[in-house]
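Subject: Structure handover

Hi,

Here is the structure for you to look over. My notes on it follow below.

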Amino acid sequence: MIQFILNNRIIKTSANSGVTLLDFIREYQQLKGTKIGCREGDCGACTVLVGTSDGDHVTYQTITSCISPLGNANGKHIVTVEGINLPKELNTVQKAMTDNYATQCGFCTPGFVVSMTGYALESNKTTTCNDAISGNICRCTGYKSIEKAGFEIEEKLQQKDDNHKIEWLINKGFIPNYFETIPNKLKELQPKVFSKTGVKVANGTDIYVRHADKMAEEDVHLLVDKTALKGISFSEGICTLGANTTVTEIAENKKLQTLFPKLKQFLKLVSSEQIRNMGTIGGNFVNASPIGDMSIFFLALNSTLTIQKEDETERQIAFQEFHQNYKVYDLQEGEILKEISFKIPQANQHYNFEKVSKRTHLDIASVNSAGLISIQNGVISEAHLSFGGVAAIPKYLYKTNEFLKGKLIISETIHLAEKILQSEISPISDVRGTSAYKRLLARQLFFAHFIKLFPNDVELDKMITL
C-alpha cells in the first residue's frame with residue numbers, strides 16, 4: 001500500500017498511484033481547503049507542501065497537487081492548508097493576510113497561505129516571499145495587499161534560527177507543533193515498492209496536464225525516486241545531471257551558479273516556483289515540445305544524453321540528434337533517459353539564455369534561445385546556438401554555428417549570420433504569434449546574445465541600421 005503522512009495522520013491506501021494527489025486529498029480524504037482551479041498547474045489554488053526526509057530533517061517544497069500522481073507522495077509528508085492551522089488562532093501567515101486585507105473571494109487564499117508557509121520553511125533564503133507565490137494567481141485583489149503580507153512575513157523571518165528552524169517556526173506561530181514529530185514518523189513508514197510497468201512518469205508536469213483522468217485509471221511506472229536518475233556531479237571537466245533533476249535543483253546548485261552567473265535570472269523565466277520544484281529535465285526533453293525551455297538551455301551547451309535500456313546497458317547520443325520530428329525522439333521501447341552531460345564552460349566561453357512570451361513570467365515561450373560562444377585570439381572558435389518556437393523540434397542551428405567559426409565579432413558578421421539563421425528556421429503561425437513575428441523575435445534574440453555577451457565589440461547603431 002502507498003504510505004505517507006497527510007498533515008498529522010499516517011495514510012495507508014490502496015488507491016491507484018496514478019490518481020492525482022489533489023483528487024485524493026479532496027475526494028478520498030474530504031479536505032476541501034485545497035482547491036480545484038485550472039487542473040494544469042497554472043493557478044496555484046491546489047498548492048500543497050511535500051516534505052522529504054533526509055534522515056533527521058525534513059525538507060519542504062511547494063507543488064501543484066493537480067498534476068502530481070498520488071504515488072509520488074509515497075514515503076513523504078504532505079501538508080495541506082488544514083495541516084498548518086493552529087488550534088485556536090490564525091497562524092502567522094494567515095494573520096498577515098487578514099491584517100493586510102489580502103483576500104476577497106477567498107478561493108485562491110489557501111494556495112497563497114501554503115506557498116508563504118513553504119517560504120518560511122526554506123532553510124536558505126534564495127528568493128523573496130513574493131517570488132515564492134509567483135505561481136499563485138488571484139483574480140480579485142490586484143496583488144498589492146498580498147505583496148504587503150509577503151513583506152510582513154519576510155520581516156518576521158529575518159530573525160529565524162535556521163539551526164533550530166522547526167522549533168523557531170512553531171514558537172512564532174507559523175506552523176503547529178506536530179511538525180516536530182514528522183521526522184520520526186517518516187522513519188516508521190514502510191513505503192510501497194512500485195512495479196516497473198505502465199506509463200513512465202517522473203513528476204507529471206506535462207502528461208498530467210493532458211491526461212490526468214486517463215492516468216487515474218492506468219498503471220504508472222513512477223521514476224521520481226530512482227536514485228540512478230538523480231544528482232548533479234562534476235568530474236574531469238564534465239558536469240552530469242540525472243534525468244530526474246528538477247529546475248529548482250539546477251537553480252540552487254552553487255557550482256552551476258558559479259559557472260552561469262545569471263543562472264537564477266535565466267531560470268526564473270521558466271514556469272513557476274511550484275512547477276520548477278516538480279519539473280524534471282528528462283521530462284522536459286521527452287515532452288519534446290518545440291519550445292521546451294530546458295531543451296533549448298542544454299542544446300546550446302552541446303550536451304550528450306545517456307540512454308539506459310531495460311537490461312541497464314547504456315548508449316550515448318548528442319542531444320541535438322535526440323529530437324527527430326514533431327514529438328518524435330530517439331528513445332526506443334523500454335529505454336529511459338538516464339542523464340545529460342556537458343563540458344564545463346571555460347573562461348573564454350560565454351553563455352546566454354533568452355525567452356519572449358506574452359507574459360514575462362509563468363508563460364510558454366513564443367520564441368526562446370540560448371547560445372554558447374567561444375573566443376580564441378579575438379575570433380569565434382566555436383558557436384552553439386539553439387532556438388525554440390521556430391521549427392517542429394527544439395532547433396540546433398548547424399549552419400549558423402558553422403558560419404560563425406573563425407569570424408570576428410562585428411556587426412557585419414552578426415547580420416550575415418542572421419540571414420543564415422533565417423534560412424534554417426521554419427516557424428508557423430499559431431496562438432503565440434505569426435510566422436513573421438517569430439522570425440522577428442528570432443532575429444532580435446540572436447542579436448541579444450551578442451549585445452549582452454560582447455557589449456564592447458558590438459556597435460548598437462550598426463545593429464539597428466545594417
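Strands β8 and β9 (residues 238-242) run antiparallel and are joined by four bridges. Strands here are DSSP runs of E with at least two residues, helices are runs of H or I with at least four, and both are numbered from the N terminus. Within this pair, S235 sits opposite I238 of β9.

Two notes on the source. This is a predicted model, where local features need pLDDT of at least 70, side-chain atom pairs count only at pLDDT 80 or more, and totals for chains, interfaces and linings use all residues. Residues are numbered from 1 along each chain as its sequence is written, and side-chain values use heavy atoms, with hydrogens and water left out.

**The sheet**

The β8-β9 pair belongs to an open sheet of five strands, in the order β8-β9-β14-β10-β11, with antiparallel pairing. Two strands count as paired if DSSP finds at least two bridges between them. β8 (232-235) and β11 (314-318) are the edges: each has a single partner strand, so one side of each has no neighbour in the sheet. From one strand to the next, the twist averages 25°.

T13 is in strand β2 (residues 9-13). Its relative accessibility is 10%, so T13 counts as buried. Buried means under 20% relative accessible area, exposed over 50%, and partly exposed in between (1.4 Å probe, protein chains only). Leaving aside neighbours within four places in sequence, T13 is in contact (heavy atoms within 4.5 Å) with M1, I2, F24 and L70. A polar atom of the T13 side chain lies 3.0 Å from the backbone nitrogen of A15.

Helix α1 (residues 21-28) is mostly covered, with six of its eight residues buried. Those are L21, L22, D23, F24, I25 and R26. They pack against β1 (2-6), β2, β3 (47-53), β4 (58-64) and β5 (77-79). Just after α1, Q30 has a positive phi of about 60°.

**The α16-α17 pair**

α16 (residues 411-424) and α17 (residues 435-453) pack at about 140°, with axes 10 Å apart. Axes are lines fitted to C-alpha atoms, for helices over the stretch in contact, and angles run from 0 to 180 degrees between N-to-C directions. α16 contributes I414, H415, A417, E418, L421 and Q422 to the contact, and α17 contributes R439, A442, R443, F446, F447 and F450.

Best wishes

Methods. Polar contact = N/O pair within 3.5 Å; in protein donor to acceptor, adjacent residues only side chain to side chain.
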